[in-house]
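My plan is to go from the whole chain down to single residues.

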Amino acid sequence: MSWDLRALDLLQAGDPTPLIELPVAAPGVRLLAKDESAQPTGSLRHRHARALFRQAVLDGLITRGTPVVEATGGNAAVAQAWFARRLALPYVVVMPGARSEERARPVEELGGECRFVTPPLAIYDEAREVAAEAGGHFLDQFGRAAEHDLADELFAQARPDWVVVGAHTGATSATLGRRARHGAADDLGGLDAPDASDAPDAPGGPGVGERPRVAVADPENSAYFPGWTLDAPDYATGMPSRIEGIGRPRMEAGFRPDLVDLVVPVPDAAGVAAARRIREVTGLAVGASSGTALWAALELVERMRAKGEDGTVVSVIGDAHPRHLATCHDDGWAAGKGLDWRAHRDELLRRTGS
Ligand SMILES: Cc1ncc(COP(=O)(O)O)c(C=O)c1O
């Protein structure tokens, strides 16, 4: 078997991640969390990394021994280092700022190399240079934002009325929106095709002719909510998101407003409060991005309850990691960032049925 075929074999989809039932104070409405923390590297970025490597192998940009380079700070680097090791490829990640053991260690433990540069925005040029000098391939998760396999997997497990995610590169909302409109990758017959409706524990979902809708939960400072609302593809706030893993200072090419049904602005303090609630209910030390998605999902549940509608809402858990215990789950951290999560606590308890 050629190296490329063997690589594609190693890049096949893994086991499906579970759906966790969350309590909700709305009779007839189910709220499910798609738990991406169950991925081998603990986050949704695992799917992005697999899709980027797969596409690069198919395009002939990565083959035996090609050094692989990326510019990124967090979960994406760990997931990419995991796949690079699986394919026995050298991996270099250029991270923003000064060296931090917490960010470097998980990548180095997987055999990757971390380089830190300032100013933060220099990481993209630096990664391009590193790749050029090494005769390697710059994965470029923003420039290439490859759609991944979350949607196919989810729609085989459940038939939700709404799926709620955050947006960073935009790949997840784009793949969900495309599959919700046009059906599975290998089945353009749409979601009413028998394989989806026959899924063993598929909760009752949209009726014939209806399709799942996709909502993006957007944190403060992010360009996606104003850019989507104003139909302005070049909208920029120029301000970084405080919610790790989601929100961007400008509209990214991979974010497809035309494939998204709704963008919900979520206060950062509400996202933090909701992340804490997820931990209380599931025991998972999720990041604030998962809380942000949950807050928006609860807004949709509330809307369905008020209209007397039945249905299913799926909210994505992006990651869980003990390091979050020192961020969104820590009172001192939240106070230092001026995030008054307690202001949202009563509302959350009311909406989640306690
Ligand atoms: C809750 C949540 N939704 C979605 C995303 C995905 O972002 P994207 O696919 O836009 O890069 C993330 C981050 O990976 C996340 O944590």
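My entries follow, one topic at a time.

**Entry 1: the whole chain**

I note first that this is a predicted model. I looked up the element count: the protein chain has 14 helices and 10 strands. Next I checked the overall size. The C-alpha atoms fill a box of roughly 60 × 50 × 40 Å along the principal axes. I then compared the radius of gyration with the globule rule. A compact globule of 354 residues would come near 20 Å, and the chain has 20 Å, so the two agree. I also looked up burial, and 52% of the 354 residues count as buried. For contacts between residues at least 6 apart in sequence, I found that 72% join residues at least 24 apart.

**Entry 2: two domains**

I looked up the domain assignment. It gives domain 1 as 3-40 + 146-351 and domain 2 as 45-144. Their C-alpha centres lie 25 Å apart. How many residues of each domain are in contact with the other? I find 21 residues of domain 1 in contact with 21 residues of domain 2. On the domain 1 side, helix H1 (residues 3-10) gives the largest share, five residues. By class, that side has nine nonpolar, five polar and seven charged residues.

**Entry 3: the four-stranded sheet**

I traced an open sheet of four strands, in the order E5-E4-E3-E6, with parallel pairing. Strand E5 (113-117) and strand E6 (137-138) are the edges, and each pairs on one side only. Helix H3 (residues 75-86) packs on this sheet and touches E3 and strand E4 (91-96). The direction of H3 makes about 175 degrees with that of E4. I then looked at how E6 is attached. Strand E3 (residues 68-71) and E6 run parallel and are joined by two bridges. Val69 has Phe138 in E6 as its bridge partner.

**Entry 4: the six-stranded sheet**

I traced another open sheet, of six strands, in the order E1-E2-E10-E7-E8-E9. Its pairing is mixed. The edges are strand E1 (19-22) and strand E9 (262-265), each pairing on one side only. Neighbouring strands here are turned by 25 degrees against each other on average, direction ignored. E1 and strand E2 (residues 29-35) pair in the antiparallel sense over four bridges. For Leu22, the bridge partner in E2 is Leu31. I also found helix H8 (residues 171-182) lying across strand E7 (162-165) and strand E8 (213-218). H8 runs at about 165 degrees to E8.

**Entry 5: an enclosed helix**

**Entry 6: backbone details in loops**

I looked up the peptide bond from Thr118 to Pro119. The bond is cis, with omega near -10 degrees. Pro119 sits in the loop between E5 and helix H5 (123-134).

Asp140 has phi near 60 degrees. Asp140 lies in the loop between E6 and helix H6 (141-144). Is Asp140 buried or exposed? Asp140 has 20 C-beta neighbours inside 10 Å, so it counts as buried.

Asn221 has a positive phi of about 75 degrees. I place Asn221 in the loop between E8 and helix H10 (224-229). Asn221 has 17 C-beta neighbours inside 10 Å and therefore counts as partly exposed.

Note on methods:
Residues are numbered from 1 along each chain as its sequence is written. This is a predicted model: local features need pLDDT of at least 70, side-chain atom pairs count only at pLDDT 80 or more; totals for chains, interfaces and linings use all residues. Two strands pair if DSSP finds at least two bridges between them. Two residues are in contact if their C-beta atoms, placed from the backbone, lie within 7 Å. Axes are lines fitted to C-alpha atoms, for helices over the stretch in contact, and angles run from 0 to 180 degrees between N-to-C directions. Domain bounds come from an automatic or database domain assignment. Ala, Val, Leu, Ile, Met, Phe, Trp, Tyr, Cys and Pro count as nonpolar, Asp, Glu, Lys and Arg as charged, and the others, Gly among them, as polar. The radius of gyration is taken over C-alpha atoms; the globule rule is 2.2 Å times the number of residues to the power 0.38. A residue is buried if 20 or more other C-beta atoms lie within 10 Å of its own, exposed if 12 or fewer, and partly exposed in between; C-beta atoms are placed from the backbone.
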